[in-house]
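Subject: Structure handover

Hello,

Please find the structure below. My notes on it follow.

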Amino acid sequence: MSRMAIRPDVEALPAYRFQALDAAVKLDQNESPWDLPEPLRSRALERVARAELHRYPAMHADGVAERIAELEDWPVEGVVVTNGSNVLIQAIVIAAGLGRRVLSVAPSFSLYALQARLLSAELREVPLGAGFTLPLEALLAELAQGEGVHFLAAPMAPTGNAVSAEDVWTLARAGTPRWLTVIDEAYGPFAGSDFSNVVRDVPGAVSLRTCSKAFAMGGVRLGYALTDPGLAVHLRKAVLPFTVSALQAALVETVLEDPAYVRSRVERIVAERERVALALRTLPGIDVHPSVTNFLLVRVAGAAALHAGLLARGIVVRRQDHLPGLHGCLRISIGTPAENDALVAALTAELGARSAATERTEESHA
Ligand SMILES: Cc1ncc(COP(=O)(O)O)c(C=O)c1O
């Protein structure tokens, strides 16, 4: 294949970084550790089995949009549905960032920057402050000039901390009318936060949501935006027609008719997150960053070796130590209680062995 055929900025672009690793305990993608509950799962699959495979689906998953509108108490005209919220990130950059700017903090969800680069938007990344705090003043200075899309993950990813409601309001208001403010609420259900009121109030604000995390449908691929109906019309132009298949729509429509499982699942994950964080904080040589999500960001010396050590014990977590400001960091998704027990035991063994080795070295030097 001739290299000349590819745009030089695409050639220079790294691919989305993810290495699928096989392990009995999978804590590397912030998924739900539980599949959909029965009998809901079977009901959804029965509806999939009855889908008309020879017909095109609704152009923009209209049936799914109606279920979401009911669930979120939002006008259906302001709901934009795609096959995963990452598809919406691309559509939003096309609709509002191309030839303009894309603003985010660094580190943040890597797709914001990757899509900005892919689509030749001018990328502006503001480093997080000490303790991964939001650099409010620097973001406001950026918003005071130019125009484009501001991606604000709230809660933040991959650091996992909350963004205060006050800061979300301030940034959204500062962005309007020249900036589209995208509040990415992928982990909102675990934080008990909901910024739809900002979107109702501030023109040009969008709430981005996903069925991949709290809804336990990462394998289905379904994401959506809540925004002003006037803005939604334009976002839909950047989403290819018919991309949510009849199979996805049949499944998600059934599940969203009966979403009661979500709340109890979220409560269990939050309780487990607190339990795991507490247990890890008692271990030597590990710094556990506060999290309001379904994952924990931890810092250790020798993150690569610890990642490999956990893998050898059948546990896969995600390395984040390549990201700016995240040296030594690993990201650990919260799993089932048994998976979390296995993680705590493995970390206790790995970190305990290290601390014993350090003590031995210190004694021999004494
Ligand atoms: C902050 C954030 N936003 C968006 C997404 C994309 O979610 P999906 O494409 O599965 O809807 C993710 C996935 O991990 C994420 O962490």
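Helix 11 (residues 246–256) is mostly covered, with eight of its 11 residues buried. Here buried means that 20 or more other C-beta atoms, placed from the backbone, lie within 10 Å of the residue's own. Helices are DSSP runs of H or I with at least four residues, strands are runs of E with at least two, and both are numbered from the N terminus.

This is a predicted model: local features need pLDDT of at least 70, side-chain atom pairs count only at pLDDT 80 or more, and totals for chains, interfaces and linings use all residues. Residues are numbered from 1 along each chain as its sequence is written.

The buried set in helix 11 consists of Gln248, Ala249, Ala250, Leu251, Val252, Thr254, Val255 and Leu256. These residues pack against helix 2 (40–49) and helix 3 (62–72), contact being C-beta atoms, placed from the backbone, within 7 Å.

There is also an open sheet of four strands in the order 9-10-13-12, paired antiparallel; a pair requires at least two DSSP bridges. Strand 9 (286–288) and strand 12 (318–319) are the edges, each pairing on one side only. Two bridges join strand 12 to strand 13 (residues 329–333) in the antiparallel sense, and Arg319 has Leu330 of strand 13 as its bridge partner.

Around the ligand are 13 residues, of which Gly84, Ser85, Asn86, Thr210 and Ser212 come nearest; a residue is near if its C-beta atom, placed from the backbone, lies within 6 Å.

Regards

Notes
A residue is buried if 20 or more other C-beta atoms lie within 10 Å of its own, exposed if 12 or fewer, and partly exposed in between; C-beta atoms are placed from the backbone. Two residues are in contact if their C-beta atoms, placed from the backbone, lie within 7 Å.
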